[in-house]
Amino acid sequence: MSSEHLITGETRIAGIFGDPVAHSLSPLMHNAAYAEQDLDWAYVPFHVVPERLASAVAAVGALNLAGVNVTIPHKVAIVPHLHEVDQSARLIGAVNTVVNRNGALIGYNTDGAGFSQSLRMEAGFEAAGKRVLLVGAGGAARAIGVQLALEAAQQVDVANRTLDRATALTAFLTKELGVTSRPYALEDLTPATTEPYDLIVHTTSWGMEPNAAVPPLLMPTALHAHTLVADIVYTPQDTSLLQAARERGCAVLAGLGMLVYQAALAYELWTGRGAPVDVMYNVLREQLAQRNGSMARG
Ligand code: ATR
């Protein structure tokens, strides 16, 4: 299909609601996947400001869109506008994918499941029975914590700069999902406290600047070779945390996989087909390399 693809009366339309949305990588991934599978679909970025969210959601039904992804700042705010919300999106309290099922708008959250799919496919890691430490207590940590608890992780602890937010997330995970979950202030992480974990997931925005130092409280001495270390930051793809973890002998998981698999799961919800994950990966890598090149040129 590629560049020959004509939009016709039959073309199904999906898209993404965000503010801003211009830098979203989702149109690239989804359109490349449609082209690969020769689907008469198109994926469009929609710049939706918060005041217009309600009318934008109504338009999904009115225009008979197949569905939309939802990104900053709408993931939580969209929930009351939907007809139904699936179990993990309800627990996470946020939706990143809306499916228009014959006029009924159903909310899903594929962020946590995308992370766990990346864990499984790229690191061969199954969460069941494992001990996990989440670093950070924001929306991303909540999505991942809920998913890993749903998959029967034995323990999901949370370390955060602001202890109160760690405490709130661990109390929630214990109450709603029945998983053992303990809070830490970041500065209380020591080589001894991090020893038991099978998996450490870094979910804060710390380290997104190229060459940023390892988060001080995840110093290399707090990383143990038996621990898989995942960073959900994907710019840069090889963060200073992952480099330090590798030097300590840890297996590592980079953040790009979560981005690809959350998109792949949304694609599957809409089209009913398995997503061409390799194709989605390739366009992302190419685009990120181009962006880095143009940043380097100033
Ligand atoms: P997201 O939805 O991407 O998870 P968020 O809800 O804004 O974003 O959460 C950001 C997370 O990154 C929080 O855990 C935040 O810590 P606080 O709760 O203490 O604010 C963490 N974070 C952001 N900048 C940080 C920094 N410089 N050092 C440590 N933690 C940081």
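## Ligand contacts

An oxygen atom of the ligand sits 2.4 Å from an N or O atom in the side chain of Thr162, which falls inside the polar-contact cut-off (a pair of N or O atoms within 3.5 Å). On its own the ligand exposes 650 Å², and the protein buries 66% of that (accessible areas by the Shrake-Rupley method with a 1.4 Å probe).

Residues around the ligand (a heavy atom within 4 Å) include Gly136, Asn160, Arg161, Arg165, Ser205 and Trp206. Sorted by class, that shell has 3 nonpolar, 7 polar and 2 charged residues, with Gly counted as polar, Trp and Ala as nonpolar and Arg as charged.

## About the model

This is a predicted model, where local features need pLDDT of at least 70, side-chain atom pairs count only at pLDDT 80 or more, and totals for chains, interfaces and linings use all residues. Numbering runs from 1 along each chain as its sequence is written, and side-chain values use heavy atoms, leaving out hydrogens and water.

Strand S5 (residues 97–101) is largely enclosed by the rest of the structure, because 4 of its 5 residues are buried (under 20% relative accessible area, 1.4 Å probe, protein chains only). Strands here are DSSP runs of E, at least two residues, numbered from the N terminus.

S5 pairs with S3 (residues 67–70) in the antiparallel sense over 3 bridges, and Gly67 has Val99 as its bridge partner in S5. Pairing takes at least two DSSP bridges. S5 also pairs with S6 (residues 104–108), antiparallel over 5 bridges, with Thr97 opposite Tyr108. S5 and S6 make a hairpin with 2 residues between them, and Asn102 in the turn has a positive phi of about 50°.

How values were computed. Polar contact = N/O pair within 3.5 Å; in protein donor to acceptor, adjacent residues only side chain to side chain. Buried < 20%, exposed > 50% of the residue type's maximum accessible area, 1.4 Å probe, protein only.
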